[in-house]
Amino acid sequence: MSDYYNDAVAARTRLATVSNSFCLAKWKQVSLHLTTGHTNSCYHPPLHPIPVEPLADNPSALHNTAHKKQSRTEMMAGIRCSDCNYCWNIESQGNMSDRHYRSGEPWAMDSFDEIILDPLADVNPSYVEVNFNNVCNLKCSYCSPQFSSMWTTETNEHGAWPTTVPHNAPEHFSGKRRAIPNREENPYREAFWRWWPTLYPNLKHFRMTGGEPTMDPNTYRVFDYVLDNPKSDLHLNTTSNFSVDKRVWDKYKGYVQKLCEGEQIEHFMQFVSLDTWGSQAEYIRHGLDFELAINRCEEFIRDVPYRSSLTFIITMNNLSILSLKKLLEYIVYLRKTYTDTYQRVWFDTPLLYTPDWQSMQILPMEYQIVMQDCIQYMENNMHEMHGFKDYEVLKMQRDLDWMLKGTTDVERKRADFFKFFTEHDRRRGTDFLNTFPEMSSFWQQCEYYANRSTSN
Ligand code: SF4
Ligand code: SF4
């Protein structure tokens with residue numbers, strides 16, 4: 001078994017000395033959505049609002065909210081806080097969850113003693129993910145106006161989507177849920193930049209998400225700060241769709257090359273959001289230029305040869321699995337071609353929960369064959385450097401187990417699948433059946449439920 005897996009197993013034992021619901025990521029990891037003033041710990045729990053008032057005196061209140069402190073208290077007492085159902089569901093099936101994997105990583109486990117000494121004290125996280133800005137050039141099917149300016153423009157023009165409960169209605173993203181544009185005063189972003197000099201020395205991982213970070217001036221402010229204040233233990237990460245225009249791409253790549261020369265940082269991890277292969281990937285992430293993104297993956301690995309790796313974020317949803325194997329084959333190709341002394345190519349397969357009509361759990365049972373074929377391919381190509389690792393296979397198996405568990409309210413979810421993607425084709429000029437011909441029988445089932453729900 002790999003070190004990563006063994007660390008997670010060791011973490012499970014050590015966490016249990018406090019409780020069976022204790023997770024170090026609740027303290028040491030934070031996701032900050034500064035455009036709307038929301039946070040969670042790792043990115044699985046639902047976002048909750050950050051109260052503005054405490055930020056004036058204590059910018060660390062961006063992370064140490066009363067809500068999180070309540071969850072921390074419950075975890076210490078062995079209560080499964082409702083925020084973390086993602087992990088509880090996985091553990092209920094007897095599988096290792098992200099609670100074990102994340103807690104087992106050094107950025108979390110190194111703080112075990114400090115946390116149990118004073119669990120309710122404010123902590124500076126060592127793993128920080130920030131969304132500064134919702135400017136984005138894509139409209140991914142499962143995204144929303146909160147995260148993408150392209151989505152905002154579209155819903156302002158066309159209104160809510162005609163699902164059972166109207167989806168992404170513009171009025172839902174007003175008031176506290178409105179994404180504050182970069183040009184406007186934003187108390188959360190302002191608090192972040194006050195906190196940054198204190199936060200920076202403790203950081204081990206800093207990741208910028210979006211929106212599209214390559215288009216965001218805050219990204220380059222961070223890059224300039226790091227270049228002026230090199231930190232040899234810092235893992236600096238961004239997430240991108242790799243489909244931005246050439247001018248932005250050249251500027252971005254130039255910065256990353258500078259950061260990775262010499263010893264400015266420990267490592268740069270480039271996350272690339274890509275859920276499957278070819279036209280099906282483009283359909284899921286509207287506006288994605290698949291060929292361009294794939295070419296840039298190789299260009300990135302070649303042109304930033306030191307201190308950098310690339311991770312595919314494959315959000316597992318019901319449209320991603322049919323061409324998934326081709327993406328897995330591409331990962332093997334990249335690993336064989338570019339991995340030599342250290343791993344240059346990684347991937348993760350988080351599950352999509354919302355919107356629920358895009359969940360794998362609403363697929364008919366026969367789709368399990370597609371997933372089993374992917375798992376078989378991975379098992380046939382196990383190799384520490386040039387193939388798949390044990391925990392990657394386990395995670396894929398875990399995703400299949402979750403899919404097979406099924407779900408409630410399937411008829412409504414399938415009806416919404418049809419309603420959403422029919423509207424998607426109308427608004428965006430796409431063609432579902434032409435892109436996913438293998439799903440025609442499922443599409444007809446969904447259409448039947450949609451028609452039935454309309455006539456009831
Ligand atoms: S969702 Fe899991 S990994 Fe994330 S904070 Fe909760 S228990 Fe930890
Ligand atoms: S690239 Fe990210 S922010 Fe942009 S639409 Fe897709 S999921 Fe949303």
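A crossing of two helices is called right-handed if the near helix is turned clockwise from the far one by less than a right angle. Keep that in mind for the first view of this predicted model.

**View 1. Helix 14 packs against helix 15.** Here we look at helix 14 (residues 324-338) and helix 15 (residues 368-380), whose axes come within 9 Å and cross at roughly 15°. Angles under 35 degrees count as roughly parallel, so helix 14 is roughly parallel to helix 15. The crossing of this pair, helix 14 and helix 15, is right-handed.

View 2. The contact of helix 15 with helix 16 is made up of nine nonpolar, three polar and two charged residues.

**View 3. Helix 10 lies alongside helix 11.** Helix 10 (217-228) and helix 11 (residues 246-260) pack with their axes 10 Å apart, at an angle of about 25°. That is why helix 10 and helix 11 are roughly parallel to each other. Their crossing is left-handed. To find the contact, pick out Y220, F223, V226 and L227 in helix 10, then Y255, K258 and L259 in helix 11. Six nonpolar residues and one charged residue make up this contact of helix 10 with helix 11, with no polar ones.

**View 4. The shell around ligand 1.** Ligand 1 is surrounded by 14 residues, and C23, C42, H44, C84 and C87 are the closest. Helix 2 (25-28), helix 4 (85-92) and helix 5 (98-103) each give at least two residues to this shell. The largest share, three residues, comes from helix 5. By class, the shell around ligand 1 has seven nonpolar, three polar and four charged residues.

**View 5. The shell around ligand 2.** Ligand 2 has 13 residues around it, with C136, L138, C140, C143 and S148 coming nearest. The shell around ligand 2 splits into five nonpolar, five polar and three charged residues.

View 6. In the loop between strand 6 (205-209) and helix 10 you will find G211, and the peptide bond from G210 to G211 is cis, with omega near 10°. Another cis peptide bond runs from T354 to P355, with omega near -5°; P355 sits in the loop between strand 11 (345-348) and helix 15. Finally, visit N168 in the loop between helix 8 (149-158) and helix 9 (187-199). Although N168 is not a glycine, its phi is positive, near 50°.

**View 7. Two domains.** Domain 1 covers 3-130 and domain 2 covers 410-456. The C-alpha centres of domain 1 and domain 2 are 38 Å apart.

Note on methods: Residues numbered from 1 in each chain as written. Chains lettered and ligands numbered in written order. Predicted model: local features only at pLDDT ≥ 70, side-chain atom pairs only at ≥ 80, totals over all residues. Near = placed C-beta within 6 Å. Nonpolar A, V, L, I, M, F, W, Y, C, P; charged D, E, K, R; others polar. Axes fitted to C-alpha atoms, helices over the stretch in contact; angles between N-to-C directions. Helix = DSSP H or I, 4+ residues; strand = E, 2+ residues; numbered from the N terminus. Parallel < 35°, antiparallel > 145°, perpendicular 65-115°, else oblique. Domains from an automatic or database assignment. Contact = placed C-beta atoms within 7 Å.
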